[in-house]
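Here is a short briefing to read with the model open beside you.

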Amino acid sequence: MGVVVKQSFWGTFIAYLGIAIGYLNALYFRAEYFDLDQIGLFTLITANAMIISHISTLGMASSYLKYFPSFAKEDQSKLFTFLLVITLLGNLLVFGIGYLAKDFVAMRYATTAPKYIDFIAISGVIILSNSLFEIFYNYSRSILKIVFPSFIQELYLRLGYLILVFGYAVDWWDFDASIVGLGILYFSTVVLLVFQLKIVHKLKLDFNITFLTKEWKNKLLKFGAYSMLLAGSFSIINNITYDQVTTTLGAEMNGIFTTCFLIAIIVEMPRKNMAKVIAPIISEKFENENIKAVEKIYKKSSITMSVIGVLIYIGIITNLNDLFAFIPKGDEFKLGYWVVVGVCTAKLFLMISSFAGEIINFSKYYRFNLFFQLTVAILLIVLNYQLLPIWGLNGAVIAYFSSIFIHILLKAGFVYFKFGIHPLVKSHASLIGIGIVIATLAMLIKFDFNPIVNILLRSFLISVTFITLIYRFRISSDINRLIHSTFERFLNITLPK
């Protein structure tokens, strides 16, 4: 367990440092030096590549991570080599389809983002690089070595983005070179990871796959297909709106949507990190058929994440006007005001809904997760197609919020129907009441200082008042324990229980 804890600590530290660099880049450097259409094009190239790369892997990375313990140590390199070859064949298939569809792609972007057509090859490099990185990353996970790949994924890539923007800002290269740099950056991630695995961890490829029976091959490919559809639909939900906003409203509007969406998703960040801890616990409880324990985790994690989510939500919404006043091109980005509000609200509901998806995933009904995600991915595409031409960016917000809300209802409803459990407790009502009161008061309080000073001062007042009320009304026992331990450990103050 010492190795796991150490790797998890450094992985989490790198992730948060990477997030900070990413926000610095997106909300200042990129907004300052790129035009809105350039921001939109930059995002479109990577977003489309992310969607396709989750398909081009054919799910082989997930197959390796799931089944490598079933093989003897001397056969694991053979298994990995077999799945790596399938991944390469999947990429070859995707590139072949892309070549045949090049005229359709050119026609699709000819009016709204014609420069995208000039950089199709860069998208191809990113697709190949990301799919290969995924399978080598899962190999690293299988040997419990995640710090270096986490560094590449969370920090190296974001630093690379920052350097590409900075180089453009100081005239080291032009915008087209920055996009070419994207391809080089993503390809270098694979080179670095493979080099590290080869030199430090003695990675070996073995093309002798005679040990694999027909039954095993079918099992690997079948699970790979399931994983490909699951990851692909998830990637569509997260990325397809960038493409549809671009093709309907233009790259400039996508630049606004991209930046505002990024502001909003910080609400959900704590959930992603908590899931890494909670998921194996839920899996263990299901293994022991302990539904009561699952329900306890479901409820406690919901109220804890709800407290954190409501605090971040209030902080973003009440400081939004000052944030737009601070960031470069703020008046233009302000067109995406409701993008921030709508996506923030969707992410807050995800926090409240707790881990319904994980509960389904670790139960015998895990395949329903795929059905739900595919349904929501299709719904999002259809809603964007219908609403974007009518309401512009606000149509994209309505489509995204509606799709996420329906996704939550499907998963939470299924968990309740199959297991008779839900995430809500009485404290949720008190929390919502506290949140409404504090948000209303914060919106009414106006400061006339520098936007950053306004944000810091308002955030401080919100945090102190909110945390005091949460503690006083005992909304979450976990949060109260954290407050107690913080005061006792760092301030030597014992609070009343």
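The model is a predicted one, so local features need pLDDT of at least 70 and side-chain atom pairs count only at pLDDT 80 or more, while totals for chains, interfaces and linings use all residues. Residues are numbered from 1 along each chain as its sequence is written, and side-chain values use heavy atoms, with hydrogens and water left out.

**Cavities and a pocket**

- The largest cavity has a volume of about 50 Å³; grid points are joined across faces, edges and corners, and a volume is the space filled by probe spheres set on the points.
- Its lining consists of Arg271, Leu350, Ser353, Ser354, Ala356, Gly357, Ile408, Lys411 and Ala412, with lining residues defined as those having an atom within 4 Å of a point.
- Two or more of the lining residues come from each of α15 (356–361) and α17 (393–419); helices here are DSSP runs (H or I, at least four residues), numbered from the N terminus.
- Helix α17 gives the most to this lining, with 3 residues.
- The second largest pocket has a volume of about 1,000 Å³; a pocket is an open set of points with protein on both sides within 12 Å along at least five of seven lines.
- This pocket is lined by 34 residues, and those closest to its centre are Asn48, Ile52, Gly98, Val105 and Tyr116.
- The elements giving two or more residues to the pocket lining are α2 (36–56), α4 (73–100), α5 (102–109), α6 (120–142), α9 (214–249) and α16 (367–391).

**Salt bridges**

- Side chains of opposite charge can pair when their charged atoms come close.
- Over the whole structure, 8 salt bridges are found, each being a side-chain nitrogen of Lys or Arg within 4 Å of a carboxyl oxygen of Asp or Glu.
- One of them joins Glu268 to Lys347, with the closest N and O atoms 3.0 Å apart. Glu268 sits in the loop between α10 (251–264) and α11 (269–287) and Lys347 in helix α14 (residues 337–352), so this bridge ties together parts that are 79 residues apart in sequence.
- Glu268 counts as buried because its relative accessibility is 9%, and Lys347 counts as buried at 4%; the classes are buried under 20% relative accessible area, exposed over 50%, and partly exposed in between (1.4 Å probe, protein chains only).
- Arg271, one of the residues lining the largest cavity, meets Glu358 in a salt bridge (3.3 Å, N to O). The two belong to distant parts of the chain, with Arg271 in helix α11 and Glu358 in helix α15, 87 residues apart.
- Arg271 is buried at 10% relative accessibility, and Glu358 is buried at 16%.
- Asp478 and Lys300 also form a salt bridge through their side chains (3.6 Å, N to O). Because Asp478 lies in helix α20 (residues 477–490) and Lys300 in helix α12, the pair ties together parts that are 178 residues apart in sequence.
- Asp478 is partly exposed at 27% relative accessibility, and Lys300 is partly exposed at 30%.
- A network of salt bridges links Lys300, Asp478 and Arg481.

**Cysteines**

- How many disulfides does the count come to? It comes to 0 disulfides, using the rule of a pair of cysteine sulfur atoms within 2.5 Å.
- For Cys260, the closest cysteine sulfur is that of Cys344, 10 Å away and so too far for a bond.
- Cys260 is buried, with a relative accessible area of 0%, and Cys344 is buried with a value of 0%.

**Nonpolar surface patch**

- Leu24, Tyr28, Tyr33, Phe326, Ile452 and Leu456 make a nonpolar surface patch of about 530 Å². Patch residues have over 30% relative accessible area and no salt bridge, with nonpolar side chains (Val, Leu, Ile, Met, Phe, Trp, Tyr) joined within 5 Å, and areas come from the Shrake-Rupley method with a 1.4 Å probe.
- Helices α1 (2–33) and α19 (451–472) are the elements that give two or more residues to the patch, and α1 gives the most, with 3 residues.
- Phe326 belongs to helix α12 (residues 291–326) and counts as partly exposed, at 39% relative accessibility.

Terms used: Patches are made of residues with over 30% relative accessible area and no salt bridge: like charges are joined within 9 Å, nonpolar side chains (Val, Leu, Ile, Met, Phe, Trp, Tyr) within 5 Å. On a 1 Å grid over the protein atoms alone, a cavity is a set of points where a 1.4 Å probe fits but cannot get out, and a pocket is an open set with protein on both sides within 12 Å along at least five of seven lines; lining residues have an atom within 4 Å of a point.
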